[in-house]
Every structure is written in C-alpha cells, then in structure tokens.
Amino acid sequence: MAQSVRSSFMRFATLTASLAVLASPLQAVAQTPAPPVPEQNGNAPGSMLPAPPPVSPTINPPPAPGPVAPVGPGSIADMAEGLLDAVVNISTSQSVKDQGAGPQPQIQEGSPFQEFFEDFFDSPGNQGGNQKVSSLGSGFVIDASGYVVTNNHVIEGADDIEVIFPNGSKLKARLVGTDTKTDLSVLKVEPKAPLKAARFGDSRRMRIGDWVMAIGNPFGLGGSVTLGIISARGRNINAGPYDNFIQTDAAINKGNSGGPLFNMSGEVIGINTAIISPSGGSIGIGFAVPTELAENIVHQLIEFGETRRGWLGVRIQPLTDDVAASLGLDRARGALVSGVVSGGPIQKGEIKAGDVILTFDGHPVNEMRDLPRIVAESPVAKEVDVVIMRDGKEQTVKVTLGRLEDSAEPEEDAEQPTLPEDQGKSAEPDNGAPEDQKGETDAKPAVTFGMTLAALDEERRKTFSIAESVEGVVITAVEPNSPAAQKGLKVGEVVVEVGQDFVENPADVVKRINALKAEGRRNAHVMIADPAGNLRFVALPLE
C-alpha cells in the first residue's frame, strides 16, 4: 500500500516538473526578444524562428475643432464699463414719528425688577420723538449738467435725498418733479464737472427676445450688472392707469428700482420699476417703464416741473364680444364710450355715448386700456383724427384735446358723464295718433327679456332715488335667471338707449327691440344708467 502511494506521488511530481520545463521557454519567448540568429540560406530542421517585430499601434488624431457657435451675445464688458459711471445710487432719509414702546407693564411697588423696567421703558430711546428711516434705490444721469431719473417710490416722502456716484462721491439732490401715475421722478444735483450721462433709446423698436442689460444697486451692493432678454411687452400689472411695462428676465432685485434697462447699443429703453417675487429676490420676472412713455414725461418734468397730458373728456368701458356683435364689429376691439364729460373737449357732439373709438391720432385702440395712454401721450391743444364706429359704420371725426389736470383721472375714471344734447328726445317717428292717447298707450308697463319696464315719472324717481339728470325707462322688476338677470340688470336701473336710440317709455323699448330683430341683429345694444347716472352698456340676446 505504501509503495503504491509512493509510486503515485512520484508520477505526479514527474508530470509537474515536465510541465514547468515546457512552460519556461514559452514564457521567455513571450517576455524577452529572441537573440539575433545568423543569416542562413535555409532553415535547418528544428531551428527556432526569430520573433516578429512589434507592431506599432495606429492612432487616429481627433479632427481639428471647428468654429464654436456663439451662445448669447458677445462680452458686454466694454459696454458696461462705459455705462457704469452714469448709474448712481439714491440714498434717502425720512423723519418718522416714534409711537413709543407701547403700554408699560404694571410692576408692583418695591419689586426687585422695578428699577430694570423703569430704566428700559423710560430711557430716551423709547420716548416719543422722530426717528430717521433710510432707504436705498437706483437712478441714472440723463444730462451732464446733473439731471437724474429715478422712481417716485424711491424718493417719496423723503426729507433728504443724496446721490452716490460710482467713485464714492456724494451730492445732495433736490426734487425737480414727480409723476405718481408712472412712478417717475427727476432729481437735480450740482456737480463741479460734467457728469457721464446715458442717452434714451426707442423702446418701440425692441422685440421679445432681444438682449437687454440692467445696472443698479440691488440690496445696497452698488453698481451691479445683469443680463437677460425682453420676455414680454405691454404688460399690465395694475400699477397705474398707463401700464405698458417691458417684462425682462434680467435679474432685478430690491434696490434696482429707478435703474436703467439698456439695449445692446447702450441706450436706455426702460426704467426698472417692479418685480414679482414671493421671496423678495429675483425670480426672473421684472418690469420696466418703456422710454416711449417715460421720455416725454421726463422732459416735461424738467421743463415744467409737472406733467401736461392730453385729455379727451369721455368715459369708457371695455368692449365685450356680445356688445361688439351687437354693434356690427367683427371682433371685440376699441373703447366703448359710455359718457361724455360736461365742459370737456367734446363740445359739438363729435363723440357720443355708444360710439366705439377704434383709432386715435393714427394709433389703433386694440383694447380699452390703450386709449387713456395714447391720449395722455398726445400734446395738449392738438387737433387729432378719431375713427369711431357709429350706427354700424366707421367714420372719422376731429377733436381738439384739452389738458388733463393732475387732480383729474384718466378717461375711464373721468367726471360723471352728462347725457348728449340730443338725448331726451324720442327717435321714433310720429304715427299721427293724438298726443294724449299715444301717451297713455306708450306709458303702460312692458315686459321684455324678463324685466318689467315702466315710465320714469316723479314718483318712481323718488322711490328708486334716481338722479334728476337720468332719463329713460326704469326697471321695476327682474325675473331670476332671465336674460336681463344674467346681464346684471337690477331694479331701479334705467334703460337709456336701445340700439343707440334714446327711449323715453316702455313702448319705445319694445319697438326698438322688434326693429333690431327684423334687421337680423343677434344682440340688442342697450345703454343702462344706475340711479346716480353712471352709464354702462350691455348686449341682450335677440335669438
């Protein structure tokens, strides 16, 4: 048994040694180059062949890089460097009445805390008096002599205004003029040497997607440059009656107010005014007053110290789709005149209640809010052409503008309107019936569109507290869910016109509605007055 084990072990050792001997030359051939062999005419049988020369790896170099497409505009460093000196910081201070620290806690006499509370609440810093409150904003120089533009809300109520220049110098400023409706103000400093000034550009030429640059004083950090594009135009954010803001995603933060928005030619095309942000920081939605509105106001403030806006003297309302259809318009456009101001520029009935203003001085009125801005930008005393829609036809009238006083409101918030001179007269022809008989018939109550109409006599005028200036047919009842109720008509209101014809009794209303149906109209255009005389228009469906 032992001999058998020994014999197996010897066979295993012999085999292992043989394999090691065979593997050694192969490993040597693989790891070291073979020695040179003398050149022979033939290869002897069993002779070893030389190793082939090493093959060099083929490396394909990458192609040369082509031109890189530009992303965004080129560097704006040169432009920014030339404009930074024209942008300034505005520092203001205001005295605010200190209301004190509030009611003092009642401390028991002899308490160990009595002295502490008396020292705290009775100290000079907690007594009523005036405290200085400071704020920071931005502005820019528009004239080398020292005129500076900023926002009204930056300097509003300030007792002291200081302009801080990029080199650190400071100059006291006086307020030249301000316009609260556009949130613009002009300041004046007295420099010892001419200042670097920015120039106005034409914001009308700017398009959505154009690059713009903002420079300002965000969070009091001083001249900061941000870049973005125009995101939208003509934005209405309900900040004032002439909203027409440029929206930009160039970063605008607190402290940027009053700073300039530049185009890529280095021209000011907007004045940064507002942001939308839940956190108070930039989220890419900022607004600037366009220079098409601001430039004229700035020049007026410098020349007159106040604004001088044109005034048309009409009261207007939006034009809805159904009212537009009732007037024969292809779509809702223009401004619907609901009244004319007594003593205003409209003296001879050039424009009447019920007219739709489509174009003013060559400018299209696409929606109601366009008209106040266009009129305000027009020079006082200028004679302008106004295209109106009246009785289903377009016509052009000439109007000479008045001046909108600062205490007055824009067109849609004008004074109480008075009825046109021809109102109060029936437009229906005389049918030859005796006056007393016709009056009895026409004065009977009538029901139409779910509302009951009655003649406006002295008794009903007193019952519904209707002003003496209001004429027409009074609504005495309105059925729930009726067409009249759906249009918001109420008891005590007065139907003044139907289809731009004055009505003075219920029969007139019924006749005019039947006439409109016969003409194939889809809606009846109706003027309604509330008891105080404020006018509006509604469209009642005829189908």
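Colleague: Which residue just after helix 11 takes a positive phi?

Modeller: The model is a predicted one. Helix 11 covers residues 506–518, and the positive phi, about 85°, occurs just after this helix. The residue concerned is G520.

Colleague: How far does helix 11 reach from its first C-alpha to its last?

Modeller: Helix 11 has 13 residues, for which 18 Å is expected at 1.5 Å a residue.

Colleague: Is E162 buried or exposed?

Modeller: E162 is found in strand 4, residues 160–164. Its contacts include N89, I90 and K172, and a network of salt bridges links D160, E162 and K172. Because the relative accessible area of E162 is 19% and the cut-off is under 20%, E162 counts as buried.

Colleague: Which residue forms a salt bridge with K487?

Modeller: The closest N and O atoms of this salt bridge are 2.4 Å apart. The pair links distant parts of the chain, with K487 in the loop between helix 10 and strand 26 and its partner in helix 6, 165 residues apart. At a relative accessible area of 29%, K487 is partly exposed. The partner is D322.

Colleague: What is the relative accessibility of R461, whose side chain meets that of E471 in a salt bridge?

Modeller: The N to O distance in this salt bridge is 3.8 Å. R461 lies in helix 9, and E471 in the loop between helix 9 and strand 25. E471 counts as partly exposed at 34%, whereas R461 counts as buried, at 5%.

Note on methods: Residues numbered from 1 in each chain as written. Predicted model: local features only at pLDDT ≥ 70, side-chain atom pairs only at ≥ 80, totals over all residues. Heavy atoms only, no water. Helix = DSSP H or I, 4+ residues; strand = E, 2+ residues; numbered from the N terminus. Expected span 1.5 Å × (residues − 1). Buried < 20%, exposed > 50% of the residue type's maximum accessible area, 1.4 Å probe, protein only. Contact = heavy atoms within 4.5 Å. Salt bridge = Lys/Arg side-chain N within 4 Å of Asp/Glu carboxyl O. Lists of a residue's contacts leave out its neighbours within four places in sequence.
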